[in-house]
Amino acid sequence: MNIRRVDFAGSGVSDYIEKVRLLNAGETKRYYIITYGCQMNVHDSEHLAGLLLQMGYISCDNKEDADFILFNTCCVRENAELRVYGNVGALRELKERHPGLKIAICGCMMQQQAVVESIKKRFEFVDIIFGSHNAQALPGLLYRALTENGRCMEAHDDEYSIMEGAPIKRDSSFSAWITVMYGCNNFCSYCIVPYVRGRERSRRSADILTEAKQLAGQGCKEITLLGQNVNSYGKDCGEISFAELLRRLNDIDGIERIGFMTSHPKDCSDELISAIADCKKVSRQLHLPVQSGSDRILKLMNRRYTHDDYLHLADKIKTAVPDIALSTDIIVGFPTETEEDFMQTVQLYNQVRFASAFMFAYSRRAGTPAADMKEQVPQEVKKDRLSRLIELQTRCTTEFHKRYIGNVYPVLAESVSKRSSRVISGRTHCGRMVSFEADSSVIGKIVNVKITQLKANTLYGVLVQP
């Protein structure tokens with residue numbers, strides 16, 4: 001694959017940033033971003049916010065005060081798309097009251113031509129449309145929207161370019177996302193991601209390591225590596241393996257925790273498991289989506305592993321990393337799924353005992369092979385199976401959390417409770433959320449907390465002074 005790597009400073013984007021800044025000179029312009037979907041989308045919004053800040057905009061807390069509103073969309077599940085349509089439609093009246101308001105929609109939904117046409121017809125007041133491959137086009141599109149009449153749109157398939165050095169406004173000073181690769185080559189039959197995010201393309205390890213070192217120098221303690229399938233990192237361009245990348249990141253002074261998502265079971269190698277075991281900074285939480293416990297359904301999903309393959313992999317991981325917290329994704333009600341298929345998922349659950357899980361009823365996505373499969377499972381059946389699985393996972397999570405009671409763990413303090421300024425929430429190295437009493441001065445620090453009780457699957461503890 002011929003990947004075009006572009007340096008932001010020489011891309012020409014800066015010219016439009018300066019033009020918009022000059023247009024807004026002497027005025028206070030505010031932006032509001034609404035983000036749907038995965039962590040990749042959240043991180044994309046951080047980049048978009050970075051561009052807006054350079055153009056002279058500042059963030060605001062509600063849509064009514066904004067001069068520019070941006071929807072960063074997700075199309076993985078139908079509910080996310082429906083929320084976008086509903087929330088965009090609700091802005092019609094606000095636009096009428098504030099004619100100078102500019103509204104933009106970007107992200108994965110905009111990589112689907114049928115959706116773009118629908119947006120154009122239904123919401124004539126939307127000014128800017130651009131896709132997930134075209135985030136750096138925002139300054140040019142916004143300049144045109146401010147100086148010309150009519151809509152501005154850019155949603156082409158420039159999936160083989162990677163831009164380095166773009167501005168970013170991170171949501172946290174002590175915890176940061178780092179994208180290590182884009183796209184996906186797996187083509188699971190239910191998934192729209194390869195069609196809207198493109199094929200796999202890895203960033204250069206040197207660029208990733210430089211970004212991590214810069215973050216460490218700014219006081220960041222935790223980084224989370226992002227990719228649709230991080231286990232495939234480097235395979236498209238002859239780079240180092242993902243396991244080796246983890247080892248090199250583990251050596252960076254200042255970075256104390258390293259997480260990553262998401263891993264595909266078929267690519268979770270012995271090399272990676274050894275790296276997790278050896279690298280003390282790497283999180284003891286591993287998200288390993290299984291999707292189903294039925295071999296027949298896994299084959300229809302094009303997952304390329306079996307029930308027994310997954311169990312063998314889970315056992316291998318738990319043996320190498322005894323304190324690991326395994327989490328997963330499950331889809332219930334995939335086309336043709338029978339009660340027997342579902343019970344095989346339950347059986348796998350009972351054997352692995354996941355610490356946590358994201359569970360979903362199958363959502364039909366136009367353009368994917370599964371959408372055209374016969375024997376779609378009735379909604380009431382999907383709802384029943386999902387309810388039963390949630391009940392099982394609740395028991396597994398409770399069982400997993402009970403082992404924490406009475407022990408002391410390092411916790412990264414993240415936020416102050418909305419209910420009390422004296423209650424802090426943070427996460428253990430296994431990704432378990434813990435609430436404990438302390439003042440806000442501990443935010444961003446790793447402190448020792450003794451777990452004292454479990455309430456409704458929330459861990460509570462007390463601060464242990466060093």
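Why does Gln-453 count as partly exposed? The points below take up this residue and then other parts of the structure.

1. Basis of the note. This is a predicted model, in which local features need pLDDT of at least 70 and side-chain atom pairs count only at pLDDT 80 or more, while totals for chains, interfaces and linings use all residues. Residues are numbered from 1 along each chain as its sequence is written, and side-chain values use heavy atoms, with hydrogens and water left out.

2. Gln-453. This residue lies in strand S20 (residues 446-455); helices (H or I, at least four residues) and strands (E, at least two) are DSSP runs, numbered from the N terminus. Gln-453 counts as partly exposed because its relative accessibility is 34%. On this scale, buried means under 20% relative accessible area, exposed over 50%, and partly exposed in between (1.4 Å probe, protein chains only). Not counting residues up to four places away in sequence, Gln-453 touches Ile-405, Thr-458, Leu-459 and Tyr-460, where contact means heavy atoms within 4.5 Å. From Gln-453 to Leu-463 there are 10 residues in sequence and 13 Å in space, C-alpha to C-alpha.

3. The open sheet. An open sheet is formed by 6 strands in the order S3-S2-S4-S5-S6-S7, and the pairing is parallel. The edges are held by strand S3 (57-59) and strand S7 (152-154), each with a single partner strand, so one side of each has no neighbour in the sheet. On average, and with direction ignored, neighbouring strands of this sheet are turned by 20° against each other; axes are lines fitted to C-alpha atoms, for helices over the stretch in contact, and angles run from 0 to 180 degrees between N-to-C directions. Strand S2 (residues 29-35) pairs with S3 in the parallel sense over 3 bridges, and Tyr-57 in S3 is the bridge partner of Lys-29. Two strands pair if DSSP finds at least two bridges between them.

4. In strand S15 (residues 325-332), 8 of the 8 residues are buried, so the strand is largely enclosed by the rest of the structure. In a regular strand the side chains alternate between the two faces of the sheet. In S15 both faces are covered, with Ala-325, Ser-327, Asp-329 and Ile-331 buried on one side and Leu-326, Thr-328, Ile-330 and Val-332 buried on the other. S15 pairs in the parallel sense with S14 over 3 bridges, where Ala-325 is the bridge partner of Gln-285. The pairing of S15 with S16 is also parallel, over 6 bridges, and there Val-332 stands opposite Ala-361.

5. Helices H13 and H14. Two packed helices are described by the angle between their axes and the distance between the axes. For helix H13 (residues 339-352) and H14, the angle is about 10° and the axes are 11 Å apart. H13 and H14 are therefore roughly parallel to each other (angles under 35 degrees count as roughly parallel, over 145 as roughly antiparallel, 65 to 115 as roughly perpendicular and the rest as oblique). Residues of H13 that meet H14 include Phe-342, Met-343, Val-346 and Tyr-349, and among those they face in H14 as a group are Arg-385, Leu-389, Leu-392 and Cys-396.

6. Ser-232. The loop between strand S12 (222-226) and helix H9 (242-250) holds Ser-232, which counts as buried at 5% relative accessibility. The side chains of Ser-232 and Asn-229 are joined by a polar contact of 2.8 Å. A polar contact is a pair of N or O atoms within 3.5 Å; within protein, one must be able to donate a hydrogen and the other to accept it, and residues adjacent in sequence count only if both atoms are side-chain atoms. Leaving aside its neighbours within four places in sequence, Ser-232 is in contact with Met-181, Glu-200 and Asp-267.

7. Backbone points to check. The peptide bond from Met-261 to Thr-262 is cis, with omega near 5°. Gln-291, in the loop between strand S14 (285-287) and helix H11 (295-301), has a positive phi near 70° without being glycine and is buried at 7% relative accessibility. Glu-375 is also a non-glycine residue with a positive phi, of about 60°, but counts as exposed at 61% relative accessibility.

8. Cysteines. The count of disulfides is 0, a disulfide being a pair of cysteine sulfur atoms within 2.5 Å. The closest cysteine sulfur to that of Cys-268 is in Cys-279, 14 Å away and too far for a bond.
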